[in-house]
Amino acid sequence: MKRLNNQEIISDTEWDMIIIGGGATGLGTALDAASRGLKTLLVEQSDFAKGTSSRSTKLVHGGVRYLAQGDIALVKHALKERGLLEQNAKHLVKKEEFLIPCYSWFSISKYLIGLTLYDWLSGKYSFGKSKFFNKKETLLKMPGIKAKGLKGSIRYYDGKFDDARLAINIAQTAVEYGATLLNYTKVIALNKSENGQITGIKAEDMLTGVINEFKGKVVINATGVFVDDILKMSNPRSKKLVRPSQGVHIVLEKSFLNSDSALMIPKTSDGRVLFAVPWHEHLLVGTTDTPLDEHSLEPRALTTEIDFILKTAGMYLNRKPAYEDILSVFSGLRPLAAPTNGEGNSTKEISRDHKLMVSAKGLITITGGKWTTYRRMAEETVDLAIAHATLKAKACVTTNLRIHGCVEQQGDEYLDIYGSDKIHIRQLMTEKPEWAEKILPGFPYVAAEVIWIARNEMAETIEDVLSRRLRILFIDAQAAKNMAPKVASLLAKALHADQDWENDQLEKFNKLADGYIYKSKSEAQKVVLAQ
């Protein structure tokens, strides 16, 4: 899968569907449409999954929190989609054991009953049964949690995945079914006919500056927190559809939890939940839920959010994490569908389900939802587009459609995240011995991965590689900076770029990575002020 630019696409082609947005929803929609035989074009202003879709809590789940809120229909649909994702992306979606530590006998009864219902709602897509563990059994499974006052724990199962890598694999699958995908291509205008119907887009290639126009029978606005920007292009007086909510995560050494199981804290000081999830040999802790009025591609964590995570985690862990223990901090903006009956400041009042609508003749908008339900959202979006634009297409086939890379893995090897592509990376390592070398001691990444990523995963920058392909920027930001010179050299050769490009890339990446490093509260405040 190699990047195309605007000039390589015949401009007078009329696409059945043009999708704006290369996150989970947009990519899922492109795959659904292409697999039905529709001529499909997707454009993304940056890299695929640059925004919210690479910044999740890495959970494929029905949503225990939503069950507590009584949204049973949402949970049931999500649990089915969780099962389908595990079936269709076996190399990336794994069953994960979660423990809820209980410090009262009442909480044991409450959570066991609730999670038994959670299991029942999953039906044939169950990941395993919930169970009570006594204090001794709990501490054997999770030595890192506080023992004082502990009565035991409730075990339940959910899914864990690598969000950005799944996005890339969905993109590859869409291309294999005939879709055309353009990253670093920003929509700057919507084209209209004399009667006001949306007939296509005007887009700028952000790498070359070339502007081109593309005709489409229907345009899909799947831009996450940017949906209102696109709607304004259609109607400058359109009301806000999205209320962004910021979710912050910190990454620590795995030793803080000292377990392969994940920790779920069911009720924090503000009534939400907090997770501590083993991920890529580290510990991901989050998230927050802070309503915002602005959006950006690189949101920054507020010090109050980091303080909240550290304080809450410290109440349950034997070792209280501090700022100096944080290896990386990243923030994502959830495109929550805003309520129509007033603004409200609490994100608890904002719908977690998705909204799908015809925004104008020829323009359909999809927003809200979550990663787990991306496939169903895409199916509903394409169904509406077919009806709206009178398109001829097959029935949806994504229920059982295997995502690129999907294979049953044997053993536990780092390269398994590439699924069926692992063999090709192994071949590159054999082809040139230097490509088998580690990029940085102490980490599993090898040079061959960068070569493979440049040739087959549409990576155009150091950030694309270190952030959304290898994931190291989200795991250990300082290590990512240490890896950057080697990655820049490898990527420059693969993309036939010169030394000036390499130097420019290094400067940009180091500046970006500094925004993920919070070694003290004062440093954190500087990062926020530097936005």
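Okay, let's start with strand E12, residues 219–221: three bridges join E12 to strand E20, and the two run parallel. Just so you know, this is a predicted model.

Now, E20 covers residues 363–368. Is E20 mostly covered or mostly open? Mostly covered: six of its six residues are buried.

E20 also has strand E19, residues 354–360, as a partner, and here six bridges join the two, running antiparallel. Met 357 stands opposite Thr 365 in that pairing. E19 and E20 make a hairpin with two residues between the strands, and Gly 362 takes a positive phi near 95° there. If you're wondering what holds strands like these together, strands of a sheet pair through backbone hydrogen bonds, either parallel or antiparallel.

Next, have a look at the open sheet of four strands, with mixed pairing and the order E1-E11-E10-E9. Its edge strands are E1, residues 14–15, and E9, residues 185–192, and each of them pairs on one side only. E1 runs parallel to E11, residues 211–216, with two bridges joining them. Glu 14 has Lys 215 as its bridge partner in E11. Then there's helix H7, residues 227–234, lying across E9 and E10 at about 30° to E9.

Last stop, the surface. Ile 72, Leu 117 and Trp 120 form a nonpolar patch there, with about 330 Å² of accessible area together. Leu 117 sits in helix H4, residues 105–122.

Key. Residues are numbered from 1 along each chain as its sequence is written. This is a predicted model: local features need pLDDT of at least 70, side-chain atom pairs count only at pLDDT 80 or more; totals for chains, interfaces and linings use all residues. Side-chain values use heavy atoms; hydrogens and water are left out. Patches are made of residues with over 30% relative accessible area and no salt bridge: like charges are joined within 9 Å, nonpolar side chains (Val, Leu, Ile, Met, Phe, Trp, Tyr) within 5 Å. Accessible areas come from the Shrake-Rupley method with a 1.4 Å probe; for residues, only the protein chains shown count as cover. A salt bridge is a side-chain nitrogen of Lys or Arg within 4 Å of a carboxyl oxygen of Asp or Glu. Two strands pair if DSSP finds at least two bridges between them. Contact means heavy atoms within 4.5 Å. Axes are lines fitted to C-alpha atoms, for helices over the stretch in contact, and angles run from 0 to 180 degrees between N-to-C directions. Buried means under 20% relative accessible area, exposed over 50%, partly exposed in between (1.4 Å probe, protein chains only).
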